[in-house]
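Please look over the sequence and the structure below before reading on.

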Amino acid sequence: MGRITEKYFFGTYVRHPELLSFEREDQFMERSEIVIALAGNPNAGKTTLFNQITGARQHVGNYPGVTVEKKEGYTTVNGKTVKIIDLPGTYSLSATSLEEKIARDFIIHEKPDVVVDVVDASNLERNLYLAVQLFELDVPVVIALNMTDVARNRGIRIDVKKLSELLRVPIVPTVGTKGKGVDVLLKTAVERAEKPFSGGIKIPYGNDLEAAIQRISHLLKSRGWILPGYDAYWLAMKFLEGDEDVLKKMKASFSEGFDALEKEVDAEKRHLQELLGDDPAILFADRRYGFISGACAEAVRLSPEARHTISDKIDAVVTNRVLGLPIFLLLMYLVFQLTFTVGAPPMDWIDAGFGWLGEFVSGLWPPGSESALKSLLVDGIIAGVGGVVIFLPNILLLFLAIAVLEDSGYMARAAFIMDRLMHKIGLHGKSFIPLLLGFGCTIPAVMATRTIENERDRLTTILVSPLMSCGARLPIYALIIPAFFAPKWQGPMLWTIYTIGIVMAILLAKLLRAKVFRGETAPFVMELPPYHMPTLKGVLIHMWERGYLFLKKAGTVILGVSVLLWAITSYPKPESFPERIRTQEAAVEEAYKKSVTDIADALRVPNPEKLVEILKEEASPDALGGKGRLFLETVAEIRKITSGFTARTEVLDEDSPAYAEAVKNRNESFETLRKKAPGAFELARQYVESAEADYQKGLAELDNLRAAYAFDYSIAGRIGNLLEPIMRPLGFNKKLATPMIGAIAAKEVFVAQLGIVYAVGEADEESGTLREKLQKEYSPLTAFCIMLFLLISMPCIATFAVVKRETNSWKWPLVQAFGLTGLAYVLTLIVYQVGKLWI
Amino acid sequence: MSLSDVPTGEKVRLVDVMAGRGLKMRLAAMGLLPGIEITMAQNGGAGPVVIYVRNGKMILGRGAARKVKVKIF
């Protein structure tokens with residue numbers, strides 16, 4: 001068998017292509033012994049421990065080609081031979097010093113079966129830095145928590161079990177100087193070595209760093225620029241850190257692409273520097289220490305002699321048992337106030353903008369024309385998408401506030417405060433941010449759960465997140481609440497809906513954790529970064545990252561859904577209308593003709609039908625005599641005055657002086673007209689105010705009847721009919737059922753759909769007429785049930801898709817969809833039936 | 001100000017390390033990152049200083065200490 005050997009500056013290695021690993025040339029043999037590497041800070045007691053372990057069976061030599069000491073020793077554990085290598089003591093594995101390079105290379109290329117990191121318990125955080133870098137290398141690690149006696153004397157109390165859980169690594173307390181714990185350590189190490197290793201804990205670097213790593217990693221993978229024995233992710237990270245060793249090795253192996261790669265990396269580094277304010281190498285170190293601090297905060301108790309920092313002082317207030325929660329609630333209140341009040345003006349602008357757009361597009365067709373395309377554009381797309389985009393300001397403001405809280409470091413404290421409460425419902429503080437995001441849009445909320453390492457907690461959070469009433473439901477509340485509840489009840493009603501959502505989420509989470517996702521709550525490990533002034537750029541970018549998801553949803557899913565819904569509510573169109581409608585049409589025409597006939601007699605017009613035609617503007621008035629024409633002119637005048645009056649007073653309050661003014665003007669105009677042609681005036685006025693008015697009303701009613709019929713005829717209507725029996729126990733009739741189907745696809749479309757069903761042209765939540773119609777037909781109880789049902793039932797299709805992607809299966813989104821809808825059904829049923837008895 | 005100028009007993013916060021990458025990274029690995037609290041345990045005016053950082057005690061050579069920029073809280 002040929003051997004592929006490669007020379008490195010510290011030795012010659014043999015490559016195992018199929019294993020993607022290396023072995024030192026003189027060790028190219030099947031290994032029958034277990035190899036343990038001892039790593040740790042200098043002065044952590046590593047050497048003492050080594051001596052304890054190997055006794056006299058050790059050998060000091062040199063690493064080839066360099067003067068660094070290499071210590072190897074042997075011992076026996078459970079009858080197995082164990083080789084111990086004492087690596088040079090290092091504070092980190094960054095390869096800035098030779099010792100570090102050697103240590104790192106050994107671990108990567110020699111592939112010891114397990115690395116024992118000797119950690120000085122009295123200096124825990126700094127010592128753990130190395131451990132963290134070992135975790136990054138993805139090797140099996142056991143921590144020897146050494147010098148525990150010193151730590152205890154210093155008043156440092158470490159909850160070993162907890163720390164072990166948090167770091168996902170076995171920790172064995174030892175006192176090397178006394179030989180305590182050595183046996184246990186060896187046993188644990190051998191056990192670790194023999195068990196298959198599935199990877200250690202992953203350190204959270206935060207979105208920005210992660211994204212940069214992913215991009216470089218992807219680049220490396222796509223070009224195959226991966227050094228044997230190394231991992232793309234790790235290499236990418238080292239590039240960003242500017243690791244000299246990696247750079248050198250990569251340049252040697254892949255010289256032709258190296259410059260391009262370096263440029264990419266530099267660009268990423270610059271971006272990170274701008275965004276986060278420091279050299280990426282420092283940023284990584286910072287994140288590592290942040291992770292360590294978080295873990296130590298949970299597992300290490302310092303006696304009162306320990307000192308506090310300013311952040312600690314702030315935290316003393318902010319995370320105080322007594323003050324913490326009220327402060328947090330206050331901040332949350334401010335956040336929501338901000339979103340709703342500051343967001344209002346931009347919402348109006350967007351509303352106006354879409355309204356204008358709708359009119360503009362409508363205007364492209366000649367007035368009164370019926371065009372499928374026009375309908376599609378105006379009623380389908382503009383109404384549908386407009387209904388969504390209008391809530392963009394709200395959502396962006398919420399995300400902005402959250403970004404500020406996150407970047408400043410407060411959010412971690414908030415999660416910490418919430419953690420206690422969250423534990424009670426079986427979640428933990430890390431679930432808090434996703435749930436908060438859910439108030440804007442469930443999609444970024446689900447994606448934010450990626451920070452939750454524990455699958456059970458993560459799934460629970462995902463399943464429960466839609467109950468945080470998302471922005472899409474706002475138009476529904478905005479339409480319904482003012483229609484059914486008096487002004488002083490409106491605010492509380494909205495608040496009630498939100499609270500019900502939260503309460504449901506809590507109950508559901510508790511239930512899920514108790515029955516479905518059983519088990520201990522995962523320990524809460526989260527970086528507690530120092531408070532720091534958020535950069536404007538950083539905050540805006542973070543806000544946009546999430547807001548963009550919402551907009552993208554609007555542009556794609558909702559657009560598609562609006563078109564689809566438009567299609568199923570508009571088609572198929574009936575060829576002709578049923579008997580009853582036609583009969584009514586005839587009746588209306590008859591009534592009109594009759595009243596015109598009376599007028600025709602008074603005017604001595606011989607042919608009443610002709611007059612009808614003329615009045616309908618279907619024939620020219622030339623045939624009429626002078627009296628007739630005067631009549632027509634007067635009618636025209638009266639119409640003008642009346643419509644002018646209506647236009648002026650539409651927005652006025654009936655009791656206002658402006659209104660009285662308008663009335664006076666109108667009456668004056670009438671007087672002038674009357675004086676001009678007294679006989680004609682009376683007749684004309686009578687015509688306009690009774691005959692014509694009645695006719696218009698009759699026509700409008702017919703329009704509605706036809707629209708309703710057409711709706712029933714369409715696909716949507718038929719579905720509604722099918723669903724009606726199911727919906728009736730909840731107090732819903734078929735007119736509600738269909739928009740609810742639409743709401744399955746996207747909540748925002750509910751309002752637009754309701755408008756179509758009620759044949760009220762273009763409906764938005766300001767629709768006075770739609771509100772009136774709803775008010776007439778339903779009771780406040782039903783209104784409440786509508787909102788309740790929509791609050792709880794399955795989230796929109798876009799969320800469904802995201803849940804599928806994030807959980808990598810169809811199971812969970814389906815469970816969520818059916819589960820929530822079922823829950824909504826049952827709950828609404830109960831509320832309605834019980835409510836009916838009461839009210 | 002420089003860490004080397006901080007009197008004994010004083011608490012300061014690290015602002016920046018004005019040094020080459022090597023030292024900067026080494027200090028970072030030790031936990032000396034911007035924002036970290038350092039308590040001056042011993043500053044004799046000459047020679048190395050002793051500081052507390054992250055519950056760890058450290059000695060910094062004066063030259064290095066001079067490069068560590070801090071501010072008093």
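A residue is called buried when its relative accessible area is under 20%, exposed when it is over 50%, and partly exposed in between, using a 1.4 Å probe and protein chains only. This is a predicted model, in which local features need pLDDT of at least 70 and side-chain atom pairs count only at pLDDT 80 or more, while totals for chains, interfaces and linings use all residues. Residues are numbered from 1 along each chain as its sequence is written, chains are lettered from A and ligands numbered from 1 in the order in which they are written, and side-chain values use heavy atoms, with hydrogens and water left out.

**Helix α8 of chain A**
- Helices (H or I, at least four residues) and strands (E, at least two) are DSSP runs, numbered from the N terminus.
- In α8(A), which spans residues 232-241, nine of the 10 residues are buried, among them Trp234(A), Lys238(A) and Glu241(A).
- After α8(A) comes Gly242(A), whose phi is positive, near 75°.

**Contact of chains B and A**
- With contact meaning heavy atoms within 4.5 Å, 21 residues from chain B and 25 residues from chain A take part.
- The two chains bury about 2,200 Å² between them, 55% of it on carbon and sulfur atoms, where buried area is the accessible area (1.4 Å probe) that two parts lose on being put together, summed over both.
- One salt bridge is counted between chain B and chain A, a salt bridge being a side-chain nitrogen of Lys or Arg within 4 Å of a carboxyl oxygen of Asp or Glu.
- Glu125(A) forms a salt bridge with Arg54(B), and their closest N and O atoms are 3.7 Å apart.
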